[in-house]
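Welcome! Have a look at the picture and sequence first, then try each task before reading on.

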Amino acid sequence: MKEYVRRRILALFLLALAVALLAACAGEGDPTEAVEAYLRAKVESDADELAGLACNDFEAQAAQDALSFRSVRAQLDNLACEKTGEDGDAALVTCSGQIVAEYDGETRTQDLSETTYRVINDDGEWKICGAQ
């Protein structure tokens with residue numbers, strides 16, 4: 001009987017540990033998803049979404065990004081982002097693909113691989129905090 005109780009206690013402990021690990025991992029998220037969401041909001045000129053995806057220091061740039069795409073018809077073409085490194089507590093993310101924008105009958109493209117995004121984890125949410 002004692003062996004049965006020990007096994008149940010061990011099983012419950014392992015289950016609790018697994019749940020705790022999964023919860024911790026779920027809270028971390030993925031910095032590349034934040035950058036992809038930012039770029040989608042940028043081409044849609046969604047100022048509220050851009051502000052929500054930006055850290056405090058990057059909110060002015062996010063507002064500018066929303067304004068710059070307000071009167072442009074734009075879309076993302078072959079977007080794929082990956083974490084390429086770290087800078088202190090920030091993740092560095094680069095993307096491939098391009099933004100294709102049409103304004104006043106003229107089509108222009110922006111190569112996304114030319115920008116590296118600095119992304120920080122702010123209370124469990126990844127936020128864009130710089131672009132170079």
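**Exercise 1. Describe the hairpin formed by β4 and β5, and find how the two strands pair.**

*Solution.* Keep in mind throughout that this is a predicted model.

Step 1: Go to the turn. Two residues sit between β4 and β5 in this hairpin, and D123 in the turn has a positive phi of about 55 degrees.

Step 2: Look at the direction of the strands. β4 and β5 are paired antiparallel, with five bridges.

Step 3: Pick out one bridge. D122 has E125 in β5 as its bridge partner.

Step 4: Now turn to another neighbour of β4. Five bridges also link β4 with β2, and these strands run antiparallel. One example is T94, whose bridge partner in β4 is T116.

**Exercise 2. Find the disulfides and work out how the bonded cysteines are paired in sequence order.**

*Solution.* Step 1: Search the whole structure. Two disulfides turn up.

Step 1: Number the bonded cysteines along the sequence. The pairing then reads 1-4, 2-3.

**Exercise 3. Take the disulfide between C55 and C129: which parts does it tie together, and what is its handedness?**

*Solution.* Step 1: Place each cysteine. C55 is in the loop between α3 and α4, while C129 is in strand β5, so the bond ties together parts 74 residues apart in sequence.

Step 1: Read the torsion. About the S-S bond of C55 and C129 it is about 75 degrees, so this disulfide is right-handed.

Step 2: Check the surroundings. Buried means under 20% relative accessible area. C55 has 4%, so C55 is buried, and C129 has 17%, so C129 is buried too.

**Exercise 4. Repeat the analysis for C81 and C95: are these cysteines buried or exposed?**

*Solution.* Step 1: Locate the pair. C81 belongs to strand β1 and C95 to strand β2, so the parts tied together are 14 residues apart in sequence.

Step 1: Apply the cut-off of 20%. C81 is buried because its relative accessibility is 13%. C95 is buried as well, because its relative accessible area is 4%.

**Exercise 5. Which residues of the largest nonpolar core touch the most other members?**

*Solution.* Step 1: Start with a general idea. In soluble globular proteins, nonpolar side chains tend to be buried together.

Step 1: Name the residues. This core has 30 residues, and V35, Y38, L39, C95, V119 and I128 touch the most other members.

Step 2: Trace where the core comes from. The elements giving two or more residues are α2, α3, α4, β2, β4 and β5. The largest share, seven residues, is from α2.

Step 3: Zoom in on I128. Leaving out residues up to four places away in sequence, its contacts include V35, Y38, C55 and V119.

Key
Residues numbered from 1 in each chain as written. Predicted model: local features only at pLDDT ≥ 70, side-chain atom pairs only at ≥ 80, totals over all residues. Heavy atoms only, no water. Core = buried A, V, L, I, M, F, W, Y, C linked by side-chain atoms within 4.5 Å. Buried < 20%, exposed > 50% of the residue type's maximum accessible area, 1.4 Å probe, protein only. Helix = DSSP H or I, 4+ residues; strand = E, 2+ residues; numbered from the N terminus. Contact = heavy atoms within 4.5 Å. Disulfide = S-S within 2.5 Å. Pairing = 2+ DSSP bridges.
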